[in-house]
Amino acid sequence: YVSILNKYIDIYSNSKKIQGVSLLCEELDKRTGGLLPGNLCTIAGGPGCMKTTYAVNICLNAVKSGYNVCYFSLEETPFNILNKIFSRISHIIGHSLSVQDITQNKLSDEDKSFLFHDLYDYFSNLKGCFHVLGERDLGEYSTKIFEEKIQQVDECIKQEYFSKNHEPDHGIDILVIDHVQLLKYSENLSSNESEFSII
């Protein structure tokens, strides 16, 4: 035990620093310190206003910073989420590929080689780990099945992270549910559960 008084100056000095995952907006990061452990963050907006793209960019930034992400997509397929990530990475590397061209298989042989080798290698060699799940990965909607699947991904990430960084027991840091309104638990709720408790 250490008294907070003995840590006050250090806490005060670090209170304005980004201590969590950057939200990719300087003002938000300054005000919040980033996405911190234990936070529940909701990205809200109308259809087509780039919520998923924003979430994917936050996840990519998190993985680059050494965080482990589980992205649970209920609207788009895991394949489409990965296509968005690879398109974003292509812009970082400097050989831009559009999401549409990747998804619709309209890439030249040269671009496919770039996607399968350079982009894939870049993403695989980032410090953090990224796993994406889709609705079909659940099999059925229940709290038990959802929890079991997240635990399976957590174990998988622990092994993958250890092989990359030789750090044991580092599982999921960020869980993204895109989007949470599509969780269809209402018919499976027991008497002591609510949709809010499940979320």
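Q: Starting with the cysteines, what is the relative accessible area of Cys41?
A: In this predicted model, the relative accessible area of Cys41 is 44%, so the residue counts as partly exposed.

Q: And how many disulfides are there?
A: The count comes to zero disulfides. Cys70, for instance, is in no disulfide, and the nearest cysteine sulfur, which belongs to Cys59, is 9.6 Å away; a pair would have to be within 2.5 Å to count.

Q: Is Cys70 buried or exposed?
A: Cys70 counts as buried, because its relative accessibility is 0%, where the cut-off for buried is under 20%.

Q: Which residue does Cys70 face in β3?
A: Cys70 stands opposite Leu175 in β3.

Q: OK, zooming out, how many helices and strands does the protein chain have?
A: The protein chain has eight helices and three strands, and along the sequence they follow the pattern α-α-α-β-α-α-α-β-α-β-α.

Q: In what order do the strands sit in the sheet?
A: The three strands form an open sheet in the order β2-β1-β3, with parallel pairing. Because β2 (130–134) and β3 stand at the edges and each has a single partner strand, one side of each is left without a neighbour in the sheet. Neighbouring strands of this sheet are turned against each other by 15° on average, ignoring direction.

Q: How many bridges join β1 to β2, and which residue of β2 is the bridge partner of Val69?
A: Five bridges join β1 to β2, and the two strands run parallel. The bridge partner of Val69 in β2 is Phe130, while Phe72 stands opposite Leu133 in that strand.

Q: What about β1 and β3, how many bridges there?
A: Strand β1 (residues 69–73) and β3 run parallel and are joined by five bridges, with Ser73 having Asp178 as its bridge partner in β3.

Q: Which way do the β1 side chains point?
A: Val69, Tyr71 and Ser73 point one way from β1, whereas Cys70 and Phe72 point the other way, and all of these are buried.

Q: How many residues of β2 are buried?
A: Five of the five residues of β2 are buried, so the strand is largely enclosed by the rest of the structure. Phe130, Val132 and Gly134 point one way from β2, and His131 and Leu133 point the other way.

Q: And β3, which residues make up its covered face?
A: In strand β3 (residues 174–178), the covered face is made of Ile174, Val176 and Asp178, while Leu175 and Ile177 form an uncovered face.

Q: Which strands does helix α7 lie across?
A: Helix α7 (residues 143–165) lies across β1, β2 and β3, and runs at about 155° to β2.

Q: Changing topic, where is Ser90, and is it buried or exposed?
A: Ser90 is placed in helix α4, and it counts as buried because its relative accessibility is 0%.

Q: What does the Ser90 side chain reach?
A: The side chain of Ser90 reaches the backbone oxygen of Ser87 at 2.6 Å. Leaving aside neighbours within four places in sequence, Ser90 is also in contact with His95, Ser96, Leu97, Phe114 and Leu119.

Q: One more residue, in which helix does Asp101 lie?
A: Asp101 lies in helix α5 (residues 99–103) and is partly exposed, because its relative accessible area is 32%. Not counting residues up to four places away in sequence, Asp101 touches Lys106 and Leu107.

Q: How far is its C-alpha atom from that of Asn83?
A: The C-alpha atoms of Asp101 and Asn83 are separated by 9.5 Å, and the two residues are 18 residues apart along the chain.

Technical notes:
Residues numbered from 1 in each chain as written. Predicted model: local features only at pLDDT ≥ 70, side-chain atom pairs only at ≥ 80, totals over all residues. Heavy atoms only, no water. Buried < 20%, exposed > 50% of the residue type's maximum accessible area, 1.4 Å probe, protein only. Helix = DSSP H or I, 4+ residues; strand = E, 2+ residues; numbered from the N terminus. Pairing = 2+ DSSP bridges. Axes fitted to C-alpha atoms, helices over the stretch in contact; angles between N-to-C directions. Contact = heavy atoms within 4.5 Å. Polar contact = N/O pair within 3.5 Å; in protein donor to acceptor, adjacent residues only side chain to side chain.
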